[in-house]
Structure formats: structure tokens, C-alpha cells
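User: I'd like to learn how to read the features of a fold like this one. Could you walk me through it, one feature at a time?

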Amino acid sequence: MLNHIARYLRCPHCTAPLAMEDRTLACSNGHSFDVAKQGYVNLLPGAVKYSADTREMVDARAEFLGAGHYAPIADALVALAHETADSRAAGCVVDIGGGTGYYQSHVMDAFPEAEGVLLDISKFAARRAAKAHARIGAVVADAWQALPLRDASAALVVNTFAPRNGPELRRILHPQGTLLVVTPRPDHLGELIDVLGLMRVDERKDQRLSDQMAPHFSTTTSRALTTTMTLDHHALAQLVGMGPNAWHRDGEALAARIAALPEPYEVTLSVTLTAYRPLA
């Protein structure tokens, strides 16, 4: 798939356009990037500030999402994309911090003519994403740095539980493009916060997101999604192990806490989905 998405990419070192030559992406200034045997390409310009998801975290996410526990989010995201996408916008579908490609695959199925670029800082996520969908190309990149995408190259950008670099999101989005952001609400996974010692969602998260995006985007639609998941102990361990809480939990202590919970265990899924248009 990288052959088809090369025209959307730019060099992370000099910003010149990239083109595919055999199994190498190269720019006119001599910078080149080999495509890994798993089908993704690493376009990191150098060292990164934040840690990437480990193989274990990615494996846990793939299994948890594959079981359909977050399917309501994927369905709501597709519905919002259909509702807000503008047919005048040219370009690809970009997923920032797209992980295994779960959410973007749903969007690509809903837009059968679209081509997709998934960016994630984890090579383990990129390996899975490269095989997630026939029309997705996977790229290792840092969402907090300049994105390896050409100006106005995205018709639709998806950002689900991922970092948001406002100026870069605005730069890559077509003037008639749409940005879709999914963020957790304060009651998301609320039943697990105290019993498993998880991090709390900031009560002002929605306001902070609005303030963060205001210089670059206007809000067109925002809606809440709240439902209940019924999870066994294995799924609870995957849920904790696939996200940022995995960096802060002792494995044996977590397993003991989970084992002490009833099975199955009801957990709240609660997110905000917001659609944005770029400011002129």
C-alpha cells in the first residue's frame, strides 16, 4: 500500500516530496527510507521525547479491540465521518496515533474509494497496521513533531485517544477537510479507577481540548457516547495493559486486584466525539 500513498508523504528531514523506488522511499535531496519487511516505513527524523507502545501493549490492544469491546466507538466514528466529511476535500484519510489500525479500518470500509495513511510512534503498532486493511499504509512517526505528510494532503483526519498537534493537524488538512477527535470523558472506565489504581480523566479535558484546537479549528459537531461493557478478568487485564496505565502498574499486583473483582464486571465506556473544520 505504500506505493499508493507515497504521493501524500514528505521527507522528515527536508520536507521534499517522497517517491517510491523499489522498496525505498526517497526524496530529491538524497534522503531515503527502506520499507520494512512487515510493510511499514519508519519516517522518524531522529530521537523522540515520548516512549512508544511496547509489543505487549500493542498485542493487548489488538486482542481487546478485536473482541469488539470498543465497537461502539468505531461505529460512532464512522457515523460522524459520514455526517461531516465534505466531498470537496481532496486527499487521503489520516489516522494520527492510529495504533493497530482498528478505527481507521472501519472508516476505510465506509469510504471504499479512499486511501489511508496511519501514523504511530510504535513500530509494533505499525507492523499490525500495515496488514490491517488493504488501503492503509503504515508509517512510524511522532505526532508531536512535524508530520511526514504534505500540506493539505488529508481530506479526513482521525484522532482517537491520541496526541493532538494543532498546527500540524491544520497544515496537513485540506481547506474543506474534516478532523475527528475522540477523547475520554471523566466517567470513562470509572469503575476501575479506584479498585485498580488507574489514572483519572481530567474533569476539564473537553475544555482543554477546545482551548487547544481553537487557534486552528472551529467545532462543527460534538457529542457524547456512553455505554456499558461487560468484561471478564482477561479483558480487564488487556484493557489496562493496552494503554498508558500499563506504564505505571505492577503486573503481579494488578493481577491480584483483578482476580478480586466479580466476573464478569461492568465497566463504563464514555467518550466525546468532536468534528472540526480548519480555520482559514
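Predicted model: local features only at pLDDT ≥ 70, side-chain atom pairs only at ≥ 80, totals over all residues.

User: Which residues of helix 4 are buried, and what covers them?

Analyst: The buried ones are Tyr102, Tyr103, Gln104, Ser105, Val107, Met108 and Ala110. Their cover includes helix 2 (55-66) and helix 3 (71-84), along with strand 5 (92-96), strand 6 (116-120), strand 7 (136-140) and strand 8. As a general idea, an α-helix has 3.6 residues a turn, so residues three or four places apart point the same way.

User: Is strand 9 largely enclosed or left open, and why?

Analyst: Count its buried residues: strand 9 (residues 173-184) has 10 of 12 buried, so the rest of the structure largely encloses it. Then check its pairings. With strand 8 (residues 154-160) it pairs in the parallel sense over six bridges. With strand 11 (residues 265-278) the sense is antiparallel, over six bridges, and there leucine 179 stands opposite tyrosine 276.

User: What kind of unit do strand 8, helix 6 and strand 9 make?

Analyst: Follow the chain from strand 8 through helix 6 (residues 166-172) to strand 9, and you have a right-handed β-α-β unit.

User: Can we zoom in on one residue of strand 8? What surrounds asparagine 159?

Analyst: Good pick. In general, side chains of a regular strand alternate between the two faces of the sheet. Asparagine 159 is found in strand 8 and counts as buried, at 0% relative accessibility. Across the pairing, asparagine 159 stands opposite valine 181 in strand 9. Leaving out residues up to four places away in sequence, asparagine 159 touches Ile96, Arg164, Leu180, Val181 and Val182.

User: And the three-stranded sheet: what are its order and pairing?

Analyst: That open sheet runs 1-2-3, and the pairing is antiparallel. Strand 1 and strand 3 (32-34) sit at the edges with a single partner strand each, so one side of each is left without a neighbour in the sheet. On average, neighbouring strands here are turned by 30° against each other, direction ignored. Strand 2 and strand 3 pair over three bridges, with leucine 25 opposite phenylalanine 33 in strand 3.

User: How about two helices? At what angle do helix 9 and helix 10 cross?

Analyst: The axes of helix 9 (residues 233-241) and helix 10 come within 10 Å and cross at roughly 140°. That makes helix 9 oblique to helix 10, because an angle has to be over 145 degrees to count as roughly antiparallel. The crossing is right-handed. On the helix 9 side the contact is made by His233, Leu236, Ala237 and Val240, and on the helix 10 side by Leu254, Ile258 and Ala259.

User: Last topic, the backbone. Where are the residues with a positive phi that are not glycine?

Analyst: Two to look at are aspartate 22 and phenylalanine 161, each with a phi of about 55°. Aspartate 22 lies in the loop between strand 1 (19-21) and strand 2 (24-26), and aspartate 22 is exposed, with a relative accessible area of 76%. Phenylalanine 161 lies in the loop between strand 8 and helix 6; phenylalanine 161 is partly exposed, at 35%.

User: Which peptide bond is cis, the one at proline 264?

Analyst: The bond from glutamate 263 to proline 264 is cis, with omega near 0°. You'll find proline 264 in the loop between helix 10 (251-259) and strand 11.

Technical notes:
Residues numbered from 1 in each chain as written. Heavy atoms only, no water. Buried < 20%, exposed > 50% of the residue type's maximum accessible area, 1.4 Å probe, protein only. Helix = DSSP H or I, 4+ residues; strand = E, 2+ residues; numbered from the N terminus. Pairing = 2+ DSSP bridges. Right-handed = clockwise from strand over helix to strand, strands pointing away. Axes fitted to C-alpha atoms, helices over the stretch in contact; angles between N-to-C directions. Parallel < 35°, antiparallel > 145°, perpendicular 65-115°, else oblique. Left-handed = near helix turned anticlockwise from the far one by under 90°. Contact = heavy atoms within 4.5 Å.
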